Amino acid sequence: MGEDGSGRVLRAESGRLRLGWRLLIFVVVALCVTVAVGLILPSHLVSGSVALLVGSCVGGWMLLASEGRRPAALGFHLSSEVGSELAVGVALGLGVALLAVTALWAAGAVRWVTETGTAVGWVTGAGSAVLILAIPAAAEEALLRGYPLQALAEAWGIGPALVVTSTAFALAHLGNPGVTPLAVVNIGLAGLWLGLVWVRTGSLWWATGAHLGWNWGTAYIADLPVSGLELFDAPYYGASMSGPEWLGGGAFGPEGSVLATLTLGAASWWCWTTDRLRASEAVVAAKPLVAVGPIVRPKKEFS
């Protein structure tokens, strides 16, 4: 009886390891690999993110392999569509970021002043910013929108999975400089938006691109803080924020503004309702844990 009892704690009636244990294994493996990789990498700005990316992918791949699925099921598939998915994802994230920044400008919460610089310096800085921001974006997507989102969605449904992973995303930013309650809400909304990008495409290339586009558009193109961090100083111009914190975002940047709340809410709604986001053939062939792609809606009938 003791063995049967312990068996029921570990495994469901189907014989499959229960969700809680699988998520615990993912966390332990991801953490151990992250620490190990971090110890062997040279000290660098993005070394921690590289280690986290490797750890999150290894943890997800191991659990997917235990269920007979290929590594591509995690979302980082390798196919001819990778470049286009990443590029369009960046364009989506950049568009959402610039929409939020434009709203801040229209409300008088942000202004730019001219500074010294050259066109070559600006382009070089833009390229460097992309490279610096890409790995952290991929690491956070693999950590939350990789195996955990899939496993939770398979067990509990898409809605609860998005709530859990978005909440975890928000809580992970509690220690950032200048964080406010509104900023935490907005980070959660950003997590919801990025989660919906994965739900509709099944691709972590898409989600990483959107994440990268938002950070790049905010931190470099608009020269503003992103999640409370002053990461870059773009040539030619400098940004200054003013007005009440709830409107301008204060030291946390646009993500601390109610205008970001509206923008991210609108972006999430668009991702949920549009038919433009679709899973590629490579994603479908990879067989993730849950079905992804456009929502099928019944056609209207006219009498």
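## Salt bridges and cysteines

Arg22 is buried, at a relative accessible area of 6% (buried is under 20%, exposed over 50%, partly exposed in between, with a 1.4 Å probe and protein chains only). This is a predicted model, where local features need pLDDT of at least 70 and side-chain atom pairs count only at pLDDT 80 or more, while totals for chains, interfaces and linings use all residues. Residues are numbered from 1 along each chain as its sequence is written, and side-chain values use heavy atoms, leaving out hydrogens and water.

Let's take the charged pairs. The whole structure has four salt bridges, meaning a side-chain nitrogen of Lys or Arg within 4 Å of a carboxyl oxygen of Asp or Glu. Here are three of them:

| Pair | Closest N to O |
|---|---|
| Arg22 and Glu67 | 3.9 Å |
| Glu141 and Arg145 | 2.7 Å |

Arg16, Arg22, Glu67 and Glu154 join up in a salt-bridge network. As for Glu141 and Arg145, both are buried.

Now the cysteines. Searching the whole structure turns up zero disulfides (a pair of cysteine sulfur atoms within 2.5 Å). For Cys32, the nearest cysteine sulfur belongs to Cys57, 16 Å away. Cys32 is partly exposed at 48%, whereas Cys271 is buried at 0%.
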